Amino acid sequence: YSAILHHSFWSGTVAITRIPKTMQRAREQAETFNGMNQVGTPVTYYKVIGDPTSAVQTKTRSEAWVLPCAEAVVKVEGCAGGVSLDAIVVEEQQAA
């Protein structure tokens, strides 16, 4: 955890708030994704998170990485740039 110092203008009080290390969590999310999935893994990408009508079937075209804003992303076919790992679901592989 990291600590952030807050000062309340109205009450004059000072408080220290513990917040999660989001960059570390994003690194762990990317490392876990990369450890479980290869480039070319079939995924469903949700252009709008939580909206099933925005789902697109696609494949990854890179390993996941972390942006400076602490967002874990991966490139997928049909999209420029990286998309949030929170916006994709890995498709189960069917046995051939």
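**Figure 1. Confidence along the predicted chain.** The mean pLDDT of the protein chain in this predicted model is 82, and 74% of its residues reach 70 or more. Over residues 1-10, pLDDT stays under 50. For residues 1-10 the model has 25 contacts beyond four places in sequence.

**Figure 2. The largest nonpolar core and Ile88.** This core has 13 residues, of which Val74, Val83, Leu85 and Ile88 touch the most other members. Helix 1 (22-36), strand 3 (42-46) and strand 6 (72-75) are the elements that give two or more residues to the core. Ile88 is in contact with Phe33, Val43, Thr44, Tyr45, Val74 and Val83, leaving aside its neighbours within four places in sequence. In soluble globular proteins, nonpolar side chains tend to be buried together.

Figure 3. Three bridges join strand 6 and strand 7 in the antiparallel sense. Val73 stands opposite Ser84 in strand 7.

Figure 4. Thr60 lies in the loop between strand 4 (55-59) and strand 5 (65-66). Thr60 counts as buried because its relative accessibility is 2%, where buried means under 20%. The side chain of Thr60 reaches the backbone oxygen of Gln38 at 3.3 Å. Not counting residues up to four places away in sequence, Thr60 touches Phe33, Gln38, Val39, Gly40, Thr41, Val43, Val74, Lys75 and Val76.

Definitions and conventions: Residues numbered from 1 in each chain as written. Predicted model: local features only at pLDDT ≥ 70, side-chain atom pairs only at ≥ 80, totals over all residues. Heavy atoms only, no water. Helix = DSSP H or I, 4+ residues; strand = E, 2+ residues; numbered from the N terminus. Buried < 20%, exposed > 50% of the residue type's maximum accessible area, 1.4 Å probe, protein only. Polar contact = N/O pair within 3.5 Å; in protein donor to acceptor, adjacent residues only side chain to side chain. Contact = heavy atoms within 4.5 Å. pLDDT = per-residue confidence, 0-100. Core = buried A, V, L, I, M, F, W, Y, C linked by side-chain atoms within 4.5 Å. Pairing = 2+ DSSP bridges.
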